[in-house]
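Dear colleague,

I am passing on the structure we spoke about, and below it you will find my notes on what turned up in it. Please read them with the model open beside you.

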Amino acid sequence: MAAERLRAPRGTFDVLPPDSGRRRWLQALCAEVLERAGFSYVETPVLESTELFARGVGASTDIVRKEMFTFSDKAGRSLTLRPENTAGICRAYIEHGMHKWPQPVRLWYWGPFFRHEAPQAGRYRQFTQVGAETLGSDDPAIDAEAILLLAEILERAGVERLRLRIASLGSPETRQAYAEELRSYLRGREAELAPEVRERLDVNPLRAFDSDHAGTRAVMAAAPRLLDRLAADDVEHFRAVLGLLDAAGLEYEVDTTLVRGLDYYTRTVFEFESAALGAQRGVGGGGRYDRLVAELGGPDTPACGWAAGVERILLAGANGPAKAGPDVVVATATGARDAVARALRLARELRAAGLAAELAEPGRALRRQLRRADRVGARAVAIVGDDLQLKMLDSGAQTPVAGPAEVVRALASGGEGADPGVTA
Ligand code: HAM
């Protein structure tokens, strides 16, 4: 019986060269931007207790209701592959007493997340997020800085046709009063609504703003808006955030219909979209979650942050520099043990001197080792035989050299250095 072909699970993918190189470049860019702004890198488990997300993300959200990969471990505990990281970061903040650290605490992360969604371009069941969270301050400058940092990353990553939408959700109390008002408005026009909107009227009438259904959209166009119902201090906070974005020259649209798929938000919410993407155009979003740490059992800790989809950033145009070939390929003219040992040592010495040096397969004919050097885009080949020769691949010139120092000198005199770094 023929074995069934093994494939990556639906909605997941392998990251292979050359795409993996662009991804590492983007990660280095994120690290540079965020660490310069005082964010420290953190990792939290990919698995968390299911309860964390039920309480943290919200039992009425699509994510918790139908998108989580949940299973029981051998002791019967319910675990879930994390669908997002804000809840996990808050759990870690509480668990490690981070409220005793100097506030605010600024953390950034990069890693895999899991949502059981219908896969399509830009939407996967395992995807990667980069995120930044600032805990311990309710200052509007924290919101503005978070947004500006994400804007900087997206711009430097080459994401094109960006649009930033922003709104304020106020407090859970004003939001609840508003939800009641919206619910009774929607009840009055129930016949015009999509069936799935009608079904969820009791649970979350706000989601009606998300609907693509024509009748629902017409009803929503005339619906009362949360922004007009906010408490005075929330309005003031929102104005301050917008004022700081204005001062920084970042364009945005205040969008009273902005709905985020997570329940923990208070005050500021925002989302970056790229028109370079198809249906899944949200590249990154976030907002303030001033009550979440307390709701999960910690001290009162206002906080704000965002996460962005790495695959979507890469789809929307991030190029990064083309991967450079090695500076030098070390080839052996004979398969003699002694030559192989010398080649291995030379490669190590060249790397110690800062060059990218790749060993050609010593058992192969020299002709094939040279061909490989050409194909991987090497600048030169060091040929270890009775003596040591250096062949420059652009000119074809081949000269004897005394040792690694001379190879380093020859390569330093032409072309770029060996440090790829991060370029804008
Ligand atoms: P989110 O909007 O659910 O927010 O996800 C953030 C980003 O992750 C999205 O804008 C999108 O680019 C990417 N993303 C989400 N689902 C998928 C998927 N199935 N496939 C590919 N990419 C996806 C959050 O997760 C919040 N934790 C953000 C946050 C941080 N709020 C405050 N702090």
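Which domains does the domain assignment of the protein give? Domain 1 is made up of 19–170 + 230–315, while domain 2 covers 328–412. Please keep in mind that this is a predicted model. Taken over C-alpha atoms, the centres of domain 1 and domain 2 are separated by 48 Å.

I then looked at an open sheet of five strands, whose order is β13-β12-β14-β15-β16 and whose pairing is mixed. At its edges are β13 (357–359) and β16 (398–400), each of which pairs on one side only, and from one strand to the next the twist averages 25°. Strand β15, residues 388–392, runs antiparallel to β16 and is joined to that strand by three bridges; within this pair, L390 stands opposite T399 of β16. Helix α13, formed by residues 366–375, packs on the sheet and touches β12 (328–332), β13, β14 (380–384) and β15, and the direction of α13 makes about 175° with that of β12.

The other place I would point out is R200, which lies in the loop between α7 (195–199) and α8 (214–221). Is R200 buried or exposed? R200 counts as buried because its relative accessible area is 14%, which falls under the 20% cut-off for that class. Leaving aside residues up to four places away in sequence, R200 touches S60, D62, R65 and P205.

Notes:
Residues numbered from 1 in each chain as written. Predicted model: local features only at pLDDT ≥ 70, side-chain atom pairs only at ≥ 80, totals over all residues. Heavy atoms only, no water. Domains from an automatic or database assignment. Helix = DSSP H or I, 4+ residues; strand = E, 2+ residues; numbered from the N terminus. Buried < 20%, exposed > 50% of the residue type's maximum accessible area, 1.4 Å probe, protein only. Contact = heavy atoms within 4.5 Å. Pairing = 2+ DSSP bridges. Axes fitted to C-alpha atoms, helices over the stretch in contact; angles between N-to-C directions.
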